[in-house]
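Please look over the sequence and the model shown here before reading on. The report begins with a single residue and then turns to the chain as a whole.

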Amino acid sequence: MPLNNERPTSTSTARSEDQSSDTESSDRCDSMTSTSDFECSRQSFTSDSSSKQSSPSSSPPKVLTLDEVMASARDLSNLSLAHEIVTNRNFHLEQPDLPQNSLEKRVKEIVHKAFWDCLETELNDDPPEYEHALKLLEEIRDILLSFLNPGANRLRTQISEVLDMDLIRQQADNDAVDIQGLADYIVTVMGKLCAPVRDEEVKKLKESPTNVAAMFKEIFRVLDLMKMDMVNFTIQTLRPELQRQSVEYERAKFQSIVERTPTALDHTTDWIKACLEELLLSVPAGPEKNVRALPSPALVLNTAYIKLLNWDHQNHPLPETLMTDEARLREVQRGLQLLQTVASVLLMVQSAVGGPASGLPALTERLKRMSSVLLEGMHSQSFNLPEALESVSAQVCCELNKSLTERGYPPLSPELQATLRGQILGVAQESNPVRSLVEERVQLYFRSFLTTPNPHMTPPPTPGGLAPIQHELAALGASFVSMVNFNKQVYIPFYMGILKTLLFSGAAPAPPRETADAHVASQ
(Lines give C-alpha, C1' and ligand atoms only; values in the text may rest on other atoms or scores of the structure.)
Protein backbone atom coordinates (compact mmCIF):
# COMPACT_ATOMS: atom_id res chain seq x y z
CA MET A 1 0.00 0.00 0.00
CA PRO A 2 1.31 3.49 -0.68
CA LEU A 3 2.67 5.80 1.98
CA ASN A 4 3.46 3.11 4.49
CA ASN A 5 6.91 2.25 5.68
CA GLU A 6 7.57 -0.28 2.94
CA ARG A 7 8.02 0.28 -0.75
CA PRO A 8 5.98 -1.95 -3.06
CA THR A 9 8.34 -4.66 -4.22
CA SER A 10 6.32 -6.64 -6.71
CA THR A 11 4.98 -3.82 -8.83
CA SER A 12 6.20 -1.58 -11.60
CA THR A 13 5.37 2.07 -12.10
CA ALA A 14 3.62 3.34 -15.19
CA ARG A 15 5.09 6.70 -15.98
CA SER A 16 2.76 7.77 -18.69
CA GLU A 17 1.70 11.39 -18.61
CA ASP A 18 -0.63 13.31 -20.83
CA GLN A 19 -1.25 16.92 -21.63
CA SER A 20 -4.40 17.14 -19.57
CA SER A 21 -2.68 15.98 -16.39
CA ASP A 22 0.06 18.55 -16.82
CA THR A 23 -2.51 21.30 -17.33
CA GLU A 24 -4.56 20.14 -14.36
CA SER A 25 -1.53 20.05 -12.09
CA SER A 26 -0.19 23.36 -13.33
CA ASP A 27 -3.53 25.11 -12.84
CA ARG A 28 -3.45 23.99 -9.24
CA CYS A 29 0.15 25.11 -8.83
CA ASP A 30 -0.44 28.47 -10.51
CA SER A 31 -3.34 29.20 -8.22
CA MET A 32 -1.02 28.79 -5.25
CA THR A 33 2.19 30.29 -6.67
CA SER A 34 2.30 34.06 -6.95
CA THR A 35 4.35 37.03 -5.90
CA SER A 36 3.28 36.33 -2.34
CA ASP A 37 5.44 33.20 -2.42
CA PHE A 38 8.54 35.29 -2.83
CA GLU A 39 7.31 37.83 -0.29
CA CYS A 40 7.21 34.98 2.20
CA SER A 41 10.57 33.83 0.89
CA ARG A 42 12.14 37.22 1.54
CA GLN A 43 10.85 37.11 5.09
CA SER A 44 12.58 33.79 5.64
CA PHE A 45 15.60 35.13 3.73
CA THR A 46 16.05 38.06 6.14
CA SER A 47 14.91 36.26 9.28
CA ASP A 48 17.31 34.70 11.74
CA SER A 49 14.75 32.09 12.71
CA SER A 50 14.96 30.05 9.53
CA SER A 51 15.39 26.34 10.03
CA LYS A 52 18.98 25.24 10.44
CA GLN A 53 18.22 22.09 8.53
CA SER A 54 17.20 24.16 5.51
CA SER A 55 20.70 25.48 4.93
CA PRO A 56 24.06 23.85 4.36
CA SER A 57 25.77 22.75 7.51
CA SER A 58 29.37 23.53 8.37
CA SER A 59 29.52 21.04 11.22
CA PRO A 60 31.84 18.01 11.08
CA PRO A 61 30.58 15.05 9.06
CA LYS A 62 28.15 12.84 10.93
CA VAL A 63 28.46 9.07 10.80
CA LEU A 64 25.09 7.61 9.86
CA THR A 65 23.82 4.39 11.36
CA LEU A 66 22.21 1.72 9.22
CA ASP A 67 18.82 2.51 10.81
CA GLU A 68 19.15 6.17 9.83
CA VAL A 69 20.06 5.24 6.27
CA MET A 70 17.10 2.87 6.00
CA ALA A 71 14.75 5.45 7.52
CA SER A 72 15.89 8.06 5.00
CA ALA A 73 15.45 5.54 2.18
CA ARG A 74 11.87 4.84 3.34
CA ASP A 75 11.12 8.56 3.53
CA LEU A 76 12.51 9.10 0.04
CA SER A 77 10.48 6.18 -1.29
CA ASN A 78 7.27 7.50 0.28
CA LEU A 79 8.07 11.01 -0.91
CA SER A 80 8.62 9.85 -4.48
CA LEU A 81 5.45 7.75 -4.45
CA ALA A 82 3.29 10.56 -3.05
CA HIS A 83 4.74 13.05 -5.53
CA GLU A 84 4.03 10.74 -8.45
CA ILE A 85 0.45 10.16 -7.31
CA VAL A 86 -0.18 13.92 -7.04
CA THR A 87 1.49 15.07 -10.25
CA ASN A 88 0.66 12.17 -12.58
CA ARG A 89 -3.05 11.55 -13.00
CA ASN A 90 -2.34 8.31 -14.89
CA PHE A 91 -0.05 6.84 -12.24
CA HIS A 92 -0.91 3.27 -11.28
CA LEU A 93 0.79 0.07 -10.25
CA GLU A 94 1.04 -3.01 -12.44
CA GLN A 95 1.98 -6.63 -12.03
CA PRO A 96 5.72 -7.07 -12.60
CA ASP A 97 6.64 -8.43 -16.00
CA LEU A 98 9.93 -10.27 -15.56
CA PRO A 99 12.20 -10.73 -18.59
CA GLN A 100 11.56 -14.01 -20.34
CA ASN A 101 14.97 -15.61 -19.78
CA SER A 102 15.92 -13.88 -16.54
CA LEU A 103 17.19 -15.85 -13.55
CA GLU A 104 14.49 -14.40 -11.32
CA LYS A 105 11.74 -15.58 -13.66
CA ARG A 106 13.19 -19.10 -13.92
CA VAL A 107 13.60 -19.42 -10.15
CA LYS A 108 10.05 -18.18 -9.59
CA GLU A 109 8.63 -20.66 -12.10
CA ILE A 110 10.58 -23.57 -10.60
CA VAL A 111 9.53 -22.78 -7.01
CA HIS A 112 5.88 -22.27 -7.95
CA LYS A 113 5.78 -25.47 -9.99
CA ALA A 114 7.28 -27.43 -7.10
CA PHE A 115 4.67 -26.03 -4.71
CA TRP A 116 1.66 -26.78 -6.92
CA ASP A 117 2.98 -30.25 -7.79
CA CYS A 118 3.35 -30.97 -4.06
CA LEU A 119 -0.21 -29.78 -3.43
CA GLU A 120 -1.58 -32.00 -6.19
CA THR A 121 0.36 -35.00 -4.86
CA GLU A 122 -0.97 -34.47 -1.35
CA LEU A 123 -4.59 -34.18 -2.49
CA ASN A 124 -4.27 -37.31 -4.65
CA ASP A 125 -2.87 -39.42 -1.81
CA ASP A 126 -5.06 -42.05 -0.21
CA PRO A 127 -6.00 -40.80 2.29
CA PRO A 128 -5.41 -37.19 1.14
CA GLU A 129 -3.02 -34.87 2.95
CA TYR A 130 -4.28 -31.33 3.58
CA GLU A 131 -1.26 -29.58 5.06
CA HIS A 132 -0.61 -27.24 2.10
CA ALA A 133 -4.31 -26.93 1.24
CA LEU A 134 -5.10 -25.64 4.74
CA LYS A 135 -2.38 -23.00 4.48
CA LEU A 136 -3.79 -21.87 1.14
CA LEU A 137 -7.33 -21.67 2.51
CA GLU A 138 -6.19 -19.56 5.46
CA GLU A 139 -4.28 -17.20 3.18
CA ILE A 140 -7.24 -16.90 0.80
CA ARG A 141 -9.56 -16.13 3.73
CA ASP A 142 -7.29 -13.29 4.89
CA ILE A 143 -7.08 -11.88 1.36
CA LEU A 144 -10.84 -11.91 0.90
CA LEU A 145 -11.36 -10.21 4.28
CA SER A 146 -8.84 -7.51 3.32
CA PHE A 147 -11.02 -6.60 0.32
CA LEU A 148 -14.05 -5.78 2.50
CA ASN A 149 -15.12 -2.30 3.51
CA PRO A 150 -15.42 -1.66 7.26
CA GLY A 151 -19.22 -1.81 7.04
CA ALA A 152 -19.47 -5.18 5.26
CA ASN A 153 -20.12 -7.06 8.50
CA ARG A 154 -22.54 -9.62 7.07
CA LEU A 155 -20.17 -10.86 4.37
CA ARG A 156 -17.25 -10.71 6.80
CA THR A 157 -19.11 -12.99 9.21
CA GLN A 158 -20.10 -15.36 6.41
CA ILE A 159 -16.52 -15.70 5.11
CA SER A 160 -15.19 -16.28 8.63
CA GLU A 161 -17.81 -18.96 9.27
CA VAL A 162 -17.39 -20.84 5.99
CA LEU A 163 -13.59 -20.63 6.13
CA ASP A 164 -13.38 -21.37 9.85
CA MET A 165 -9.91 -22.87 9.97
CA ASP A 166 -10.39 -24.65 13.30
CA LEU A 167 -13.45 -26.45 11.95
CA ILE A 168 -11.76 -27.23 8.61
CA ARG A 169 -8.74 -28.72 10.44
CA GLN A 170 -11.03 -30.97 12.43
CA GLN A 171 -12.73 -32.07 9.20
CA ALA A 172 -9.33 -32.70 7.60
CA ASP A 173 -8.28 -34.89 10.53
CA ASN A 174 -11.36 -37.01 9.89
CA ASP A 175 -11.00 -36.92 6.09
CA ALA A 176 -14.34 -35.11 5.85
CA VAL A 177 -13.31 -31.75 4.35
CA ASP A 178 -14.94 -30.71 1.07
CA ILE A 179 -12.06 -28.95 -0.71
CA GLN A 180 -13.97 -28.65 -3.99
CA GLY A 181 -16.95 -27.09 -2.23
CA LEU A 182 -14.73 -24.57 -0.44
CA ALA A 183 -13.02 -23.67 -3.71
CA ASP A 184 -16.42 -23.10 -5.36
CA TYR A 185 -17.49 -20.84 -2.47
CA ILE A 186 -14.26 -18.84 -2.76
CA VAL A 187 -14.86 -18.26 -6.47
CA THR A 188 -18.42 -17.09 -5.72
CA VAL A 189 -17.17 -14.54 -3.18
CA MET A 190 -14.50 -13.36 -5.59
CA GLY A 191 -17.25 -12.67 -8.14
CA LYS A 192 -18.95 -10.39 -5.61
CA LEU A 193 -15.78 -8.49 -4.69
CA CYS A 194 -13.90 -8.15 -7.96
CA ALA A 195 -13.87 -5.10 -10.21
CA PRO A 196 -15.97 -5.36 -13.41
CA VAL A 197 -12.79 -5.75 -15.42
CA ARG A 198 -12.18 -9.10 -13.66
CA ASP A 199 -15.63 -10.60 -14.27
CA GLU A 200 -14.38 -12.60 -17.23
CA GLU A 201 -11.47 -14.00 -15.19
CA VAL A 202 -13.82 -15.13 -12.41
CA LYS A 203 -16.18 -16.65 -14.97
CA LYS A 204 -13.29 -18.77 -16.28
CA LEU A 205 -12.63 -19.98 -12.73
CA LYS A 206 -16.16 -21.30 -12.50
CA GLU A 207 -15.65 -23.17 -15.76
CA SER A 208 -12.22 -24.55 -14.80
CA PRO A 209 -11.63 -28.31 -14.60
CA THR A 210 -12.28 -30.31 -11.47
CA ASN A 211 -8.55 -30.54 -10.72
CA VAL A 212 -8.53 -28.80 -7.35
CA ALA A 213 -4.81 -27.99 -7.36
CA ALA A 214 -5.05 -26.31 -10.78
CA MET A 215 -8.13 -24.44 -9.62
CA PHE A 216 -6.34 -23.09 -6.54
CA LYS A 217 -3.46 -21.99 -8.75
CA GLU A 218 -5.85 -19.99 -10.93
CA ILE A 219 -7.61 -18.60 -7.86
CA PHE A 220 -4.34 -17.16 -6.59
CA ARG A 221 -3.53 -15.70 -10.00
CA VAL A 222 -6.84 -13.84 -10.09
CA LEU A 223 -6.51 -12.80 -6.44
CA ASP A 224 -3.17 -11.17 -7.30
CA LEU A 225 -4.92 -9.17 -10.02
CA MET A 226 -7.67 -8.19 -7.58
CA LYS A 227 -5.10 -7.04 -5.03
CA MET A 228 -3.50 -4.80 -7.65
CA ASP A 229 -6.96 -3.44 -8.52
CA MET A 230 -7.50 -2.64 -4.85
CA VAL A 231 -4.16 -0.85 -4.57
CA ASN A 232 -4.90 1.28 -7.63
CA PHE A 233 -8.39 2.05 -6.31
CA THR A 234 -6.81 3.18 -3.04
CA ILE A 235 -4.40 5.41 -4.98
CA GLN A 236 -7.33 7.04 -6.80
CA THR A 237 -9.08 7.55 -3.48
CA LEU A 238 -6.01 9.06 -1.83
CA ARG A 239 -5.20 11.46 -4.69
CA PRO A 240 -7.64 14.29 -3.79
CA GLU A 241 -6.51 14.24 -0.15
CA LEU A 242 -2.86 14.15 -1.14
CA GLN A 243 -3.37 17.07 -3.50
CA ARG A 244 -4.75 19.12 -0.65
CA GLN A 245 -1.85 18.29 1.64
CA SER A 246 0.90 17.51 -0.87
CA VAL A 247 3.08 20.58 -0.26
CA GLU A 248 3.15 20.15 3.53
CA TYR A 249 3.59 16.37 3.26
CA GLU A 250 6.49 16.47 0.81
CA ARG A 251 8.21 19.30 2.69
CA ALA A 252 7.93 17.42 5.99
CA LYS A 253 9.24 14.19 4.44
CA PHE A 254 12.21 15.96 2.87
CA GLN A 255 12.90 17.81 6.13
CA SER A 256 13.14 14.46 7.93
CA ILE A 257 15.63 13.27 5.30
CA VAL A 258 17.73 16.43 5.75
CA GLU A 259 17.73 16.01 9.51
CA ARG A 260 19.04 12.44 9.22
CA THR A 261 21.43 13.04 6.31
CA PRO A 262 23.67 16.13 6.60
CA THR A 263 24.70 15.89 2.93
CA ALA A 264 21.13 15.76 1.62
CA LEU A 265 21.38 19.27 0.13
CA ASP A 266 24.92 19.21 -1.25
CA HIS A 267 23.99 18.95 -4.95
CA THR A 268 21.19 21.48 -4.52
CA THR A 269 23.64 23.89 -2.93
CA ASP A 270 26.12 23.46 -5.79
CA TRP A 271 23.32 24.06 -8.32
CA ILE A 272 22.16 27.30 -6.69
CA LYS A 273 25.71 28.46 -5.96
CA ALA A 274 26.75 28.13 -9.62
CA CYS A 275 23.79 30.23 -10.75
CA LEU A 276 24.36 32.82 -8.03
CA GLU A 277 28.01 33.20 -8.98
CA GLU A 278 27.08 33.57 -12.64
CA LEU A 279 24.55 36.29 -11.85
CA LEU A 280 26.88 38.16 -9.48
CA LEU A 281 29.62 38.26 -12.08
CA SER A 282 27.22 39.44 -14.79
CA VAL A 283 25.78 42.33 -12.76
CA PRO A 284 27.63 45.60 -13.50
CA ALA A 285 29.32 47.37 -10.63
CA GLY A 286 27.49 50.24 -8.95
CA PRO A 287 28.68 53.81 -8.39
CA GLU A 288 31.00 52.66 -5.62
CA LYS A 289 34.06 50.71 -6.63
CA ASN A 290 33.76 46.91 -6.44
CA VAL A 291 30.15 47.13 -5.25
CA ARG A 292 27.59 45.01 -7.09
CA ALA A 293 23.88 44.70 -6.52
CA LEU A 294 22.51 41.41 -5.27
CA PRO A 295 20.23 39.47 -7.63
CA SER A 296 16.77 38.80 -6.23
CA PRO A 297 15.94 35.31 -4.97
CA ALA A 298 13.37 34.98 -7.76
CA LEU A 299 16.00 35.75 -10.40
CA VAL A 300 18.46 33.26 -8.92
CA LEU A 301 15.91 30.45 -8.77
CA ASN A 302 14.48 31.11 -12.24
CA THR A 303 18.01 31.10 -13.65
CA ALA A 304 18.67 27.82 -11.86
CA TYR A 305 15.49 26.26 -13.25
CA ILE A 306 16.35 27.36 -16.80
CA LYS A 307 19.73 25.64 -16.46
CA LEU A 308 17.88 22.37 -15.92
CA LEU A 309 16.75 22.44 -19.54
CA ASN A 310 20.30 21.56 -20.64
CA TRP A 311 21.25 19.52 -17.58
CA ASP A 312 23.96 16.90 -18.16
CA HIS A 313 22.66 13.93 -16.18
CA GLN A 314 25.70 11.77 -16.90
CA ASN A 315 28.30 14.15 -15.47
CA HIS A 316 26.33 16.14 -12.91
CA PRO A 317 23.99 14.67 -10.27
CA LEU A 318 20.56 16.21 -10.26
CA PRO A 319 19.75 18.47 -7.26
CA GLU A 320 18.20 16.45 -4.47
CA THR A 321 15.09 18.64 -4.46
CA LEU A 322 14.35 17.62 -8.05
CA MET A 323 14.89 13.88 -7.79
CA THR A 324 11.15 13.19 -7.70
CA ASP A 325 10.76 15.10 -10.98
CA GLU A 326 13.66 13.53 -12.86
CA ALA A 327 11.42 11.60 -15.27
CA ARG A 328 9.35 14.70 -16.08
CA LEU A 329 12.48 16.82 -16.53
CA ARG A 330 14.02 14.29 -18.91
CA GLU A 331 10.78 14.22 -20.88
CA VAL A 332 10.87 18.00 -21.27
CA GLN A 333 14.54 17.86 -22.28
CA ARG A 334 13.86 15.21 -24.92
CA GLY A 335 10.96 17.19 -26.33
CA LEU A 336 13.01 20.40 -26.45
CA GLN A 337 15.94 18.66 -28.11
CA LEU A 338 13.69 17.43 -30.90
CA LEU A 339 11.83 20.73 -31.32
CA GLN A 340 15.04 22.76 -31.37
CA THR A 341 16.54 20.57 -34.09
CA VAL A 342 13.38 20.76 -36.17
CA ALA A 343 13.23 24.54 -35.75
CA SER A 344 16.88 24.82 -36.84
CA VAL A 345 16.14 22.82 -40.00
CA LEU A 346 13.13 24.99 -40.84
CA LEU A 347 15.12 28.19 -40.32
CA MET A 348 17.80 26.92 -42.70
CA VAL A 349 15.17 26.07 -45.32
CA GLN A 350 13.66 29.54 -45.02
CA SER A 351 17.08 31.16 -45.28
CA ALA A 352 18.21 29.08 -48.26
CA VAL A 353 15.02 29.13 -50.34
CA GLY A 354 13.52 32.44 -49.27
CA GLY A 355 10.38 33.80 -50.96
CA PRO A 356 9.16 30.71 -52.83
CA ALA A 357 8.99 28.76 -49.53
CA SER A 358 7.64 31.57 -47.35
CA GLY A 359 3.99 32.15 -46.51
CA LEU A 360 3.11 28.47 -47.02
CA PRO A 361 1.95 27.08 -43.67
CA ALA A 362 0.96 23.74 -45.22
CA LEU A 363 4.47 23.22 -46.60
CA THR A 364 6.05 24.23 -43.30
CA GLU A 365 3.79 21.81 -41.43
CA ARG A 366 4.71 18.95 -43.78
CA LEU A 367 8.43 19.65 -43.38
CA LYS A 368 8.01 19.83 -39.60
CA ARG A 369 6.15 16.50 -39.36
CA MET A 370 8.56 14.79 -41.71
CA SER A 371 11.63 16.04 -39.81
CA SER A 372 10.09 15.13 -36.44
CA VAL A 373 9.46 11.55 -37.57
CA LEU A 374 13.00 11.08 -38.89
CA LEU A 375 14.54 12.61 -35.74
CA GLU A 376 12.35 10.75 -33.25
CA GLY A 377 14.51 9.11 -30.57
CA MET A 378 17.47 11.45 -31.09
CA HIS A 379 18.00 11.63 -27.33
CA SER A 380 19.18 8.01 -27.33
CA GLN A 381 22.93 7.41 -27.18
CA SER A 382 22.64 4.84 -29.96
CA PHE A 383 20.90 7.32 -32.28
CA ASN A 384 22.96 8.26 -35.35
CA LEU A 385 22.21 11.97 -35.65
CA PRO A 386 24.36 12.71 -38.76
CA GLU A 387 22.71 9.84 -40.62
CA ALA A 388 19.24 11.02 -39.59
CA LEU A 389 20.03 14.59 -40.66
CA GLU A 390 21.21 13.26 -44.01
CA SER A 391 17.79 11.63 -44.46
CA VAL A 392 16.08 14.82 -43.34
CA SER A 393 18.02 16.91 -45.86
CA ALA A 394 17.18 14.52 -48.71
CA GLN A 395 13.47 14.49 -47.83
CA VAL A 396 13.41 18.28 -47.39
CA CYS A 397 14.95 18.85 -50.81
CA CYS A 398 12.53 16.40 -52.40
CA GLU A 399 9.51 18.04 -50.74
CA LEU A 400 10.72 21.53 -51.68
CA ASN A 401 11.24 20.56 -55.33
CA LYS A 402 7.77 19.05 -55.45
CA SER A 403 6.17 22.15 -53.92
CA LEU A 404 8.10 24.56 -56.17
CA THR A 405 7.21 22.64 -59.30
CA GLU A 406 3.51 22.53 -58.40
CA ARG A 407 3.45 26.33 -58.07
CA GLY A 408 5.37 27.05 -61.26
CA TYR A 409 8.79 27.72 -59.74
CA PRO A 410 11.97 26.03 -60.98
CA PRO A 411 13.30 23.26 -58.70
CA LEU A 412 16.31 23.86 -56.46
CA SER A 413 19.62 23.85 -58.30
CA PRO A 414 22.10 21.07 -57.43
CA GLU A 415 24.39 23.69 -55.88
CA LEU A 416 21.62 25.06 -53.64
CA GLN A 417 20.57 21.54 -52.63
CA ALA A 418 24.18 20.71 -51.71
CA THR A 419 24.42 23.93 -49.67
CA LEU A 420 21.15 23.23 -47.85
CA ARG A 421 22.19 19.65 -47.08
CA GLY A 422 25.49 20.86 -45.67
CA GLN A 423 23.70 23.40 -43.47
CA ILE A 424 21.27 20.79 -42.15
CA LEU A 425 24.10 18.35 -41.41
CA GLY A 426 25.82 21.15 -39.46
CA VAL A 427 23.03 21.08 -36.87
CA ALA A 428 24.75 18.04 -35.34
CA GLN A 429 27.58 20.31 -34.14
CA GLU A 430 26.98 21.98 -30.77
CA SER A 431 28.72 25.16 -31.96
CA ASN A 432 26.42 25.54 -34.97
CA PRO A 433 25.27 29.21 -34.96
CA VAL A 434 21.69 28.47 -36.01
CA ARG A 435 21.37 25.76 -33.38
CA SER A 436 22.83 28.10 -30.72
CA LEU A 437 20.42 30.86 -31.76
CA VAL A 438 17.40 28.57 -31.50
CA GLU A 439 18.49 27.24 -28.09
CA GLU A 440 19.00 30.79 -26.84
CA ARG A 441 15.52 31.85 -27.96
CA VAL A 442 13.93 28.74 -26.47
CA GLN A 443 15.52 29.52 -23.11
CA LEU A 444 14.30 33.12 -23.39
CA TYR A 445 10.80 31.80 -24.10
CA PHE A 446 10.87 29.45 -21.10
CA ARG A 447 12.19 32.25 -18.88
CA SER A 448 9.21 34.35 -19.99
CA PHE A 449 6.96 31.39 -19.10
CA LEU A 450 8.33 31.42 -15.54
CA THR A 451 7.62 35.13 -15.08
CA THR A 452 4.26 35.39 -16.87
CA PRO A 453 1.13 35.21 -14.68
CA ASN A 454 -1.11 32.29 -15.71
CA PRO A 455 1.04 31.29 -18.71
CA HIS A 456 -1.28 28.35 -19.45
CA MET A 457 -4.11 30.77 -20.21
CA THR A 458 -2.02 33.41 -22.00
CA PRO A 459 1.37 32.04 -23.11
CA PRO A 460 4.13 34.60 -23.66
CA PRO A 461 4.89 35.78 -27.21
CA THR A 462 6.85 33.27 -29.27
CA PRO A 463 10.35 34.54 -30.21
CA GLY A 464 11.18 35.00 -33.87
CA GLY A 465 12.02 31.85 -35.77
CA LEU A 466 10.06 29.57 -33.42
CA ALA A 467 6.58 30.16 -34.86
CA PRO A 468 6.42 26.74 -36.63
CA ILE A 469 6.83 24.96 -33.28
CA GLN A 470 4.92 27.39 -31.07
CA HIS A 471 2.10 24.98 -30.14
CA GLU A 472 4.45 22.15 -29.18
CA LEU A 473 6.72 24.61 -27.39
CA ALA A 474 3.81 26.06 -25.42
CA ALA A 475 2.77 22.55 -24.33
CA LEU A 476 6.29 21.78 -23.10
CA GLY A 477 6.45 25.17 -21.40
CA ALA A 478 3.21 24.46 -19.56
CA SER A 479 4.55 21.11 -18.38
CA PHE A 480 7.82 22.68 -17.25
CA VAL A 481 6.13 25.55 -15.39
CA SER A 482 3.80 23.09 -13.66
CA MET A 483 6.81 21.15 -12.40
CA VAL A 484 8.69 24.31 -11.35
CA ASN A 485 5.77 25.93 -9.54
CA PHE A 486 5.09 22.85 -7.45
CA ASN A 487 8.81 22.47 -6.72
CA LYS A 488 8.97 26.08 -5.52
CA GLN A 489 6.04 25.60 -3.19
CA VAL A 490 7.58 22.54 -1.55
CA TYR A 491 11.24 23.49 -1.35
CA ILE A 492 11.31 27.30 -1.13
CA PRO A 493 12.35 27.28 2.58
CA PHE A 494 15.35 25.12 1.73
CA TYR A 495 16.31 27.31 -1.24
CA MET A 496 16.10 30.48 0.83
CA GLY A 497 18.22 28.94 3.58
CA ILE A 498 20.87 28.00 1.02
CA LEU A 499 20.85 31.49 -0.53
CA LYS A 500 21.12 33.12 2.86
CA THR A 501 24.11 30.97 3.78
CA LEU A 502 25.85 31.53 0.43
CA LEU A 503 25.43 35.31 0.47
CA PHE A 504 26.36 35.96 4.07
CA SER A 505 28.90 33.25 4.87
CA GLY A 506 31.48 34.03 2.18
CA ALA A 507 30.71 30.83 0.29
CA ALA A 508 30.04 32.81 -2.89
CA PRO A 509 31.63 35.96 -4.38
CA ALA A 510 29.01 38.10 -2.67
CA PRO A 511 29.24 41.91 -2.44
CA PRO A 512 30.04 43.68 0.84
CA ARG A 513 27.62 43.02 3.68
CA GLU A 514 26.36 46.61 3.78
CA THR A 515 25.27 46.49 0.14
CA ALA A 516 23.67 43.08 0.59
CA ASP A 517 21.70 44.18 3.65
CA ALA A 518 20.51 47.30 1.87
CA HIS A 519 19.41 45.28 -1.16
CA VAL A 520 17.53 42.70 0.89
CA ALA A 521 15.87 45.43 2.97
CA SER A 522 14.73 47.16 -0.21
CA GLN A 523 12.93 44.01 -1.29
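In which helix does Lys-368 lie? In this predicted model, Lys-368 belongs to helix α14, which covers residues 361-375. Is the residue Lys-368 buried or exposed? Its relative accessible area is 6%, and because buried means under 20%, Lys-368 counts as buried. Leaving aside residues up to four places away in sequence, Lys-368 touches Val-342, Leu-346, Pro-468, Ile-469 and Glu-472.

Turning to the chain, its secondary structure comprises 19 helices and two strands, and helix α14, the helix that holds Lys-368, is one of these helices. Of the 523 residues in the chain, 42% are buried, and Lys-368 is among the buried residues. Where contacts with a separation of 6 or more are considered, residues 24 or more positions apart account for 76% of them. The chain exposes about 27,500 Å², of which carbon and sulfur atoms supply 53%.

The confidence of the prediction deserves attention alongside these values. The mean pLDDT of the chain is 78, with 75% of the residues reaching 70 or more.

Technical notes. Residues numbered from 1 in each chain as written. Predicted model: local features only at pLDDT ≥ 70, side-chain atom pairs only at ≥ 80, totals over all residues. Heavy atoms only, no water. Helix = DSSP H or I, 4+ residues; strand = E, 2+ residues; numbered from the N terminus. Buried < 20%, exposed > 50% of the residue type's maximum accessible area, 1.4 Å probe, protein only. Contact = heavy atoms within 4.5 Å. Areas by Shrake-Rupley, 256 points an atom, 1.4 Å probe, with all protein chains shown as cover. pLDDT = per-residue confidence, 0-100.
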